[in-house]
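Student: I should like to work through this model with you, one question at a time. May we begin once it is on display?

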Amino acid sequence: MSAQQVLFDAPGPRARRNILIGNIVGVLVVLGILAWVVSALAGKGQLAASMWTPFLESRTWEFFILPGLGNTLKAAGIAIVTSVAFGLIFGIGRLSHVAPIRWVAGVVVEFLRAVPVLLMMIFFWLALGSSGAVKPQDAPLIAVVLALTLYNGSVIAELVRSGVYGLPKGQREAGMAIGLTRNQSLRSIEVPQALIAMLPALISQFVVILKDSALGFIITYPELLQYTRRLGVGEGNVIPSLFVAAAIFIAINFALSTLATRLSVLLSFRTKGRRPAAKEAIAMDAAST
Amino acid sequence: MENYLSLFETYNVPEAFWVNIQLSFWAAIWALIIGTVLALFRISPIPSLQWFGAAYVNIFRNTPLTIILAFGFLGLFSVMQINLAGELDVSLFRIAIVGLSLYHAAFVCEAIRSGVNTVPIGQAEAARAIGLSFLPAARLIILPQAFRGAIAPLGNVLIALIKNSTVAAAGSVATEASGLMKTMIEFRSDLVIPIFLTFALGFVILVIPIGLLTTWASRKLAVAR
Amino acid sequence: MQKTRYAAAAVAAVAAVAALTLSACGGGETPESGSGGEGGGESLRIGIKFDQPGLGYDEGGSYSGFDVDVAKYVAGELGVTEENIEFVEAPSANRENLLSNNQVDMIFATYSITDTRKETVDFAGPYFVAGQDLLVPTDSDIAGPEDLEGKNLCSVTGSTSAQKIKDQYPGVQLVEQPGYAECVTAMGGGQIDAVTTDDIILAGLAAQEANAGKFKVVGNTFSEENYGVGLPKGSDRCEDINAAITKMIDDGAWEEAITRNTEGADYTFNAELNPPTPAPCA
């Protein structure tokens with residue numbers, strides 16, 4: 001039921017008046033909430049100019065925000081690549097016709113999807129730090145990337161699997177008919193199509209990776225949130241700093257989400273197959289942090 | 001093995017999980033309420049409410065939960081001086097619930113909207129044909145079906161919420177599972193892998209039945225069409 | 001067929017990139033040698049805190065604080081000019097690892113000398129004797145831990161010093177935060193009655209411009225923390241560092257550094273224990 005106008009009549013004079021009144025009340029309520037937040041912040045001196053002027057200095061951006069953003073993008077960027085690789089390997093593993101491979105891939109994916117990312121991050125951070133296998137100052141980054149990869153890679157594996165299930169059976173049959181083995185058909189016919197169909201969900205997962213990279217703050221990885229906190233400590237403007245960090249995350253993620261929505265509209269014309277049943281359900285995994 | 005078992009005498013692991021369960025329980029209820037209201041806003045005929053619903057979802061869905069919970073402590077508690085209880089730890093516990101609820105409400109809203117999308121247009125047309133206006137049509141015809149169609153995505157939000165309750169450590173509920181795991185590993189670094197597996201398994205036990213249950217329920221309650 | 005080969009190549013490329021990244025991550029086993037040797041034209045890698053105003057703080061390109069001032073003085077005495085010092089962040093949890101893997105040559109990071117730590121690293125100094133204390137709002141009448149009954153106390157997550165107070169005075173409500181800055185923000189809003197950690201750390205927090213005049217250090221220390229210079233096990237620099245610290249104390253630069261970094265905090269260091277005499281090297 002996508003045409004939501006069906007829910008209500010083309011409004012007549014009375015309904016139009018009601019909608020107008022509702023609209024005005026709605027605007028007033030929203031403005032009221034905003035006014036309350038603003039006045040509460042102002043009442044505590046959080047809107048004073050001195051709280052915000054540090055963000056006009058180039059020093060703030062050069063030494064705090066940009067290095068932090070750089071580290072966030074570095075961790076997220078590496079994790080995106082490794083997650084896709086992990087997802088492809090285990091997604092294809094779950095589709096394998098060799099039963100033990102299917103089972104192992106299934107158990108690994110289900111296990112990793114059930115464990116909180118933060119637990120994995122803390123574990124890798126402390127385990128790597130004390131093992132001496134990596135340089136101590138690299139341990140946070142590696143822990144962030146590993147934890148993000150294992151979790152998001154598992155979600156992507158499920159995307160691959162449901163993408164392949166969503167394809168019309170004829171695709172595989174046609175592959176078999178021209179003499180491909182099941183594996184060849186999977187690799188050269190089904191997975192490439194599934195990848196295109198799952199592209200919007202995949203991009204939504206990138207948003208999750210970017211957001212979850214902020215958990216690195218808890219394990220001392222110097223990402224954007226860590227740097228803005230440090231800035232807030234020095235300037236005594238912790239709350240304005242948090243606002244700026246949040247605004248940067250929202251801007252990037254909003255751009256990615258919009259891209260995902262656009263793509264899903266575009267691609268809905270391209271892939272004419274059976275609608276991937278699980279796509280919607282899995283996209284909802286985006287709730288992860 | 002004896003070493004490992006002695007951990008449970010020193011540290012109360014079930015109690016830490018109980019904190020996560022309580023956080024998730026209350027946050028789930030509030031997120032469901034707020035998310036349903038937001039979904040109603042988004043399908044309502046009133047433009048300002050549609051706009052508000054969309055803005056809310058876009059802001060909260062795209063902000064890291066870590067930042068939202070930090071706002072809870074620094075913004076709501078420290079600067080706005082909002083106390084939700086007389087006792088300090090209860091107050092901080094409730095602030096963490098507020099943060100978790102506000103964040104997951106955005107996803108509940110999206111889940112319900114996807115549920116609304118499973119309701120055929122004919123249902124709304126029929127509701128209007130028998131003279132129901134927006135709210136009665138939504139309450140009696142659309143939402144009951146939409147909730148049934150939204151069970152699977154709502155289940156996923158609940159699973160995410162349970163896992164995300166570990167982030168509450170950043171909002172100063174230090175007694176929950178991830179905080180305890182960190183303390184335990186720091187004091188017993190010789191048992192780092194068994195400790196991690198214990199906590200990981202705890203979440204697997206919490207989360208997998210919910211996944212199975214919602215899958216079963218969504219099949220069982222699916223509106224036959 | 002062209003297209004399928006392209007897709008297969010893309011998949012292979014992604015896997016290859018991933019493999020490279022992974023191997024790059026695992027390739028940290030060979031620790032770089034710390035400094036440019038013991039010979040002339042030396043440079044030093046010094047571990048400090050980056051987020052502790054008044055002790056070690058990253059100002060954006062430059063570093064400030066008491067630890068930093070002592071580090072610069074000691075480095076100067078060792079014949080290393082300021083531009084040849086490379087400051088490296090040394091979070092509390094990583095300090096032993098940074099030293100034992102030779103990632104840094106020495107650490108000045110509120111590093112208390114303890115017997116447990118001596119098993120894995122060497123210490124020079126102490127260069128300062130800190131003590132656990134309380135930071136309270138200027139108009140507060142809390143004078144020590146015994147006044148905290150029924151009050152709200154804040155410290156960083158996992159801090160043993162705060163837990164000790166809680167164990168001793170069960171009526172204390174303990175809040176744990178990721179950093180002291182969060183504690184100070186909450187205390188500024190009146191939600192927290194006291195913050196606890198070492199006195200000089202508290203003084204550094206209170207001396208920040210944004211906090212000036214709002215908080216005071218109680219000045220009633222109830223523990224003794226000897227801040228030492230962390231060195232890799234078996235380092236031969238200990239004697240020289242001790243000599244440099246003694247010289248810094250004698251020529252007044254030491255006291256000047258403390259005054260400068262705690263200005264505005266209404267703080268005086270514990271004169272009974274300070275300035276300390278560096279302990280003989282092992």
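Student: Among contacts in chain B between residues at least 6 apart in sequence, what percentage joins residues at least 24 apart?

Tutor: This is a predicted model, in which local features need pLDDT of at least 70, side-chain atom pairs count only at pLDDT 80 or more, and totals for chains, interfaces and linings use all residues. Residues are numbered from 1 along each chain as its sequence is written, while chains are lettered from A and ligands numbered from 1 in the order in which they are written. Two residues are in contact if their C-beta atoms, placed from the backbone, lie within 7 Å. For chain B, counting contacts between residues at least 6 apart in sequence, the share that joins residues at least 24 apart is 76%.

Student: How many helices does chain B have, and what part of its residues is buried?

Tutor: Helices (H or I, at least four residues) and strands (E, at least two) are DSSP runs, numbered from the N terminus. Chain B has zero strands and 10 helices. A residue is buried if 20 or more other C-beta atoms lie within 10 Å of its own, exposed if 12 or fewer, and partly exposed in between, with C-beta atoms placed from the backbone. Of the 225 residues in chain B, the buried part is 54%.

Student: Which element of chain B gives the most residues to the side that touches chain C?

Tutor: The contact between these chains takes 14 residues from chain B and 14 residues from chain C. On the chain B side, two or more residues come from each of α4 (65-79), α5 (88-116) and α9 (177-187) of chain B. With five residues, the element that gives the most is α4(B).

Student: How do the residues on the side of chain B that touches chain A divide by type?

Tutor: This contact takes 52 residues from chain A and 61 residues from chain B. Elements of chain B that each supply at least two residues include α3 (47-61), α6 (121-129) and α10 (192-220). For the types, Ala, Val, Leu, Ile, Met, Phe, Trp, Tyr, Cys and Pro count as nonpolar, Asp, Glu, Lys and Arg as charged, and the others, Gly among them, as polar. The chain B side divides into five charged, 14 polar and 42 nonpolar.

Student: Which element of chain A has the lowest mean pLDDT?

Tutor: The pLDDT is the predictor's confidence in each residue, from 0 to 100. Chain A has a mean of 85, with 89% of its residues at 70 or more. Among its elements, helix α4 (residues 99-114) of chain A has the highest mean, 94, and the lowest, 41, belongs to helix α12 (residues 279-283) of chain A.

Student: Over which residues of chain A is the pLDDT below 50?

Tutor: Where pLDDT is low, the predicted coordinates should not be read in detail. The stretch in question has 54 contacts in the model beyond near neighbours in sequence. Its pLDDT is below 50 over residues 274-289 of chain A.

Student: Is A:G232 buried or exposed?

Tutor: A:G232 is found in helix α10 (residues 224-235) of chain A. Leaving aside neighbours within four places in sequence, its contacts are A:N237, A:V238, A:S241 and C:A181. Because 26 other C-beta atoms lie within 10 Å, A:G232 is buried.

Student: Which residues touch the most other members of the largest nonpolar core?

Tutor: A nonpolar core is a set of buried Ala, Val, Leu, Ile, Met, Phe, Trp, Tyr and Cys residues joined through C-beta atoms within 7 Å. The largest one has 236 residues, and α5(B) gives the most to this core, with 18 residues. The residues that touch the most other members are A:M121, A:A143 and A:A147.

Student: Which residues are in contact with A:M121, leaving aside its neighbours within four places in sequence?

Tutor: A:M121 is itself one of the core members with the most contacts to other members. Leaving aside neighbours within four places in sequence, the residues in contact with A:M121 are A:A143, A:V144, A:A147, A:L215 and A:I219.

Student: How far apart are the centres of domain 1 and domain 2 of chain C?

Tutor: Domain bounds come from an automatic or database domain assignment. For chain C, this gives domain 1 (37-129 + 225-261) and domain 2 (132-217). Taken over C-alpha atoms, their centres are separated by 27 Å.

Student: In β3(C), which residue is the bridge partner of C:D51?

Tutor: Two strands pair if DSSP finds at least two bridges between them. Two bridges join β2(C) to strand β3 (residues 56-58) of chain C, and the two run antiparallel. In β3(C), the bridge partner of C:D51 is C:Y57.
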